Amino acid sequence: MAEETKPAAPAAPAAKPAAAKPAAGHGATKAPPLAPMTPEMTELQQRFGESVLAPAPYVGLLLSDKSKLVEVATYLRDEMGYDSVTNLTAVDYIKDGYFEVVYHFQRSRGGEPFTLKLRVPRPQGNDLSEPVPSLTSVYAGAEFQEREVYDMFGIPFSNHPDLRRILLWEGFYGWPLRKDWKEAYYEGDTKPFESRWPGGHHQLAEERVPWADNVNYPLGFDPLNFHADPDAGLYDTMAEGVPGLAKRNGNGSTAPQPTGVGAAVSVFDRDRNNLADVDELQTDQIIVNMGPQHPSTHGVLRMVVKLDGETVTDLKLVLGYLHRNHEKIGERNTWLHNIPYTDRLDYICGLANEWGYVLTVEKMMGIKPPERAEYLRVLMAELTRIESHFWAIGFLLNDLGAFYTPALYFITERDLILDLFESVTGSRLMCNYFRFGGVSRDLTEAQLAHAKELAFERIPRKIDELEELLSENEIVKARTVGVGYLPAERSINYSLTGPCLRAAGVPYDIRRVEPYGIYDRFDFEIPVLYGADVYDRYRIRVMEMRQSLKIVQQCLQQMEQTKWGDIQTGKKNYNHRVPAGQAYGRVETPKGELGFYLVSDGGQNAYRYHVRSSSFINLTSLKEMTVGHKVADAVVILGSLDIVLGEVDR
Amino acid sequence: MSDAVNRANPPAFENDPRVPEELRNNVFITTLDKLYNWGRKRSMWPMLFGLACCAIEMIATAASRHDLARFGWELMRASPRQADLMIVSGTVTKKMVPQIVRLYNQMPEPRYVIAMGACATAGGPFKEGYNVVSGIDKFIPVDVYITGCPPRPEALLHSFIKLQEKIEKQSLRTVPWYRPGEDDVVPVPVLGPDLIDMRRAEEIRQKAAVAQEQA
């Protein structure tokens, strides 16, 4: 079945690396072009005055007075209909001496996002920068994103309800995404590193660095005389009414506290003597840590729930247990290097992630793939959606207590789709299939026949079977209807995207609101349901699988008119030059909106590489969905969000 | 019970008058080691514990097509107290490694560890990341390593068979967990300014002091 004609992966770059050359771009002589004005930008500028809002380089408006930020955001939300902040990140322009905080606001009825930027001066060393007003009072969806910016850049947000590190832990030394912060295994700013080149001598990282390990400590650090609490501040807002914890915070005890999972298992043990206090015994509130090792958390997520009896009264998430520094590595990698890394973001649906990244880079390079490649992209991405939804539904049933039996049926179907991926790309999960301006391989006759068999015969039958077994199942309905309700306005305010938003009655799908690829050619619907609960989130996935099948079927039929093997614009290239600029590109993955915010300085790697991940941002709303439900439902609600930790923590 | 029977040395009491007639073909002798290992290797309970992408392939291994249950390993336990085997399936981050070490310490002996995939073996594609540990063997002993990113389910099955081979070769007389005085509890690393391996604390203190003097 496998074809041995064209090599898929680039073996070695053809040209010598230009790493030694100073990178052109930021801080260089030529000033970047200013953003062209759109009607929306003009409206906002007229409202607040040209001295406050001016066109920024490349795209968006630059806000010069950051104290006006909340006012501007409120106006954007209430008067102009930008009802969610879909992406929030920062860029470190070290040569120019400032951080730029970038906001992308989005209208839930569709259209391009609105870009707003603001600058804060860069501080010295490891200090925090000047604070930026928090948008959490206007957009609830900003909460985790602002915490991430704080964690990575050391930009504090004033009036943020819970400003702590989110992906790393409290007490971590330094702000990793600042350009002058070097990781322990630092070898150079850009890949490929000199030492790896023919003639170069590669040395094991452990032999090269002073600590002989992937660690770095401050000067004069003494680990034997040191107290650490990676969870500092975590329980502060949850402590009220919890015996032991409240006491601990009250008297500011200096005794070292147990950290991590062990800390939580028993709030009571910590202050056992207090149990004699009758007043405290009356309260029944306890804090339970679920995860990071827990069968229900879909990976290494940690949910801290405060329980009154069995009812959840408060919930906090601790993330970062799978934070593998995607963005920092992505800024060292060359443009092409990053494609296989995006596979590992949301590892259930790698092909969909690749598209997001490739699409954004293509936007900056101004190239388009040939017809055949467009069809292949749609084919693979939609099969990925089906495969991912099979998985999501199977594991939602797991969370409901139907342990593994339904999941086994769906994994069987999923394996059949993975067989096709494997025979085409060489890998089941990490396909590395997309290229800038094309894809790496075409499908042979046998592979096309396999795809047709799946799309026309097997999968439609299996989806019917799935619905027959589950949709009217009494236990499923009893456990899911009305559980995890989050109305449309709140969902939008929380920047929720993907099936969960569509199950709340908002027909928001990137394939429609900002069509990419050739989705405008196919006849398909964006299914919408109005229940906004776990049951509708399950049903919408089934409906989406049917729509995806429809697309795959049309795609397979229309593909016959295109020329076989015409899958790459230009010739295959290892050393891509992306012109200086900025772009935000996004696709609809099975989990929601996956965006990439890329800044290029014209060099051979990204100056800034940010992933707007839907799993991460969708989690912001988990607390509001869960509070008031039983702890067993918390597991189900989390399952209905269908998160993948690789994308949450990146 | 076939492979526990010592076929090379037929039972010496075949014609022994001390053994009653009806028992003569029903009594087998073997070594305790063989019996013990035969039972252990076919009833491994892995811990239900996934870290990253590799966990997806681990689930696929346990699912219908590859069916781990054929090897007697089907029962994945969520509690380390009931598990014999830890499959480190994915990238080990600094934030996660204290929990992994703690889980390892909570597993009763005999316990085994499989490092699944490039990340768990040596850091993999994410090795240079500031929050990534370059392989779980920096902290806990590993019995079998599997290559791949992620390894296919067949590769994971292969590692199980390799582990079975390892178990077969172990002897009650030499296994570490019956030796007196040995305690292989791994100190749980601490999250400070960076990950601190407490076994190296003294070395870290000295090096950091020297660095401060030079600065």
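Student: Which residues make the meeting of α12(A) with α13(A)?

Tutor: On the side of α12(A) stand Met380(A), Leu383(A), Thr384(A), Ile386(A), Glu387(A), Phe390(A), Trp391(A), Ile393(A), Gly394(A), Phe395(A), Leu397(A) and Asn398(A). The model in which they are found is a predicted one. Their partners in α13(A) are Pro406(A), Ala407(A), Phe410(A), Ile411(A), Glu413(A), Arg414(A), Ile417(A), Leu418(A), Leu420(A), Phe421(A), Val424(A) and Thr425(A).

Student: How many residues of the contact of α12(A) with α13(A) are nonpolar?

Tutor: The residues of this contact fall into three classes, with 4 polar and 3 charged among them. The number of nonpolar residues is 17.

Student: Are α12(A) and α13(A) roughly parallel or roughly antiparallel?

Tutor: Helix α12 covers residues 371-400 of chain A and helix α13 covers residues 405-425 of chain A, and their axes are 9 Å apart. The angle at which they pack is about 155°. An angle over 145 degrees counts as roughly antiparallel. The two helices, α12(A) and α13(A), are therefore roughly antiparallel.

Student: How are α2(B) and α5(B) oriented to each other?

Tutor: The axis of α2, residues 53-62 of chain B, comes within 9 Å of the axis of α5(B), and the two cross at roughly 75°. Angles from 65 to 115 degrees count as roughly perpendicular. The orientation of α2(B) and α5(B) is therefore roughly perpendicular.

Student: Which residues of α5(B) make the contact with α2(B)?

Tutor: From α2(B), the contact involves Glu57(B), Met58(B), Ala60(B) and Thr61(B). By class, the residues of this contact comprise 5 nonpolar, 1 polar and 1 charged. The residues contributed by α5(B) are Pro153(B), Leu156(B) and Leu157(B).

Student: Is the crossing of α19(A) and α22(A) left-handed or right-handed?

Tutor: Helix α19, residues 534-558 of chain A, packs against α22(A) at about 30°, with the axes 9 Å apart. The helices α19(A) and α22(A) are therefore roughly parallel. Their crossing is left-handed.

Student: Which residues of α22(A) take part in the contact with α19(A)?

Tutor: Helix α19(A) provides Val534(A), Arg537(A) and Arg541(A). From α22(A) come Val636(A), Ile637(A), Ser640(A) and Leu641(A).

Student: How much space lies in the largest cavity?

Tutor: The count of cavities of 30 Å³ or more comes to 11. For the largest cavity, the space is about 100 Å³.

Student: Which residues lie nearest the centre of the largest cavity?

Tutor: The lining of this cavity consists of 14 residues. It divides into 8 nonpolar and 6 charged residues, with no polar ones. Nearest the centre lie Arg164(A), Arg165(A), Pro230(A), Val318(A) and Lys95(B).

Student: Where in chain B does Pro110(B) lie?

Tutor: Most peptide bonds are trans. The bond from Glu109(B) to Pro110(B), however, is cis, with omega near -5°. Pro110(B) is placed in the loop between α3 (97-106) and β2 (112-116) of chain B.

Student: What is omega for the bond that joins Cys149(B) and Pro150(B)?

Tutor: Pro150(B) belongs to the loop between β3 (144-146) and α5 (153-168) of chain B. The peptide bond joining Cys149(B) and Pro150(B) is cis, and its omega is about -10°.

Student: What is phi of Asp642(A)?

Tutor: Most residues other than glycine have a negative phi. Asp642(A), in the loop between α22 (631-641) and α23 (645-649) of chain A, is not a glycine, yet its phi is positive. Its value is about 55°.

Student: What is phi of Asn432(A)?

Tutor: Asn432(A) is located in the loop between α13 and β11 (434-435) of chain A. This residue is other than glycine and has a positive phi, near 50°.

Definitions and conventions:
Residues numbered from 1 in each chain as written. Chains lettered and ligands numbered in written order. Predicted model: local features only at pLDDT ≥ 70, side-chain atom pairs only at ≥ 80, totals over all residues. Heavy atoms only, no water. Axes fitted to C-alpha atoms, helices over the stretch in contact; angles between N-to-C directions. Helix = DSSP H or I, 4+ residues; strand = E, 2+ residues; numbered from the N terminus. Parallel < 35°, antiparallel > 145°, perpendicular 65-115°, else oblique. Contact = heavy atoms within 4.5 Å. Nonpolar A, V, L, I, M, F, W, Y, C, P; charged D, E, K, R; others polar. 1 Å grid on protein atoms, 1.4 Å probe; cavity = no way out; pocket = protein on both sides within 12 Å on 5 of 7 lines; lining within 4 Å. Points joined across faces, edges and corners; volume = space filled by probe spheres on them. Left-handed = near helix turned anticlockwise from the far one by under 90°.
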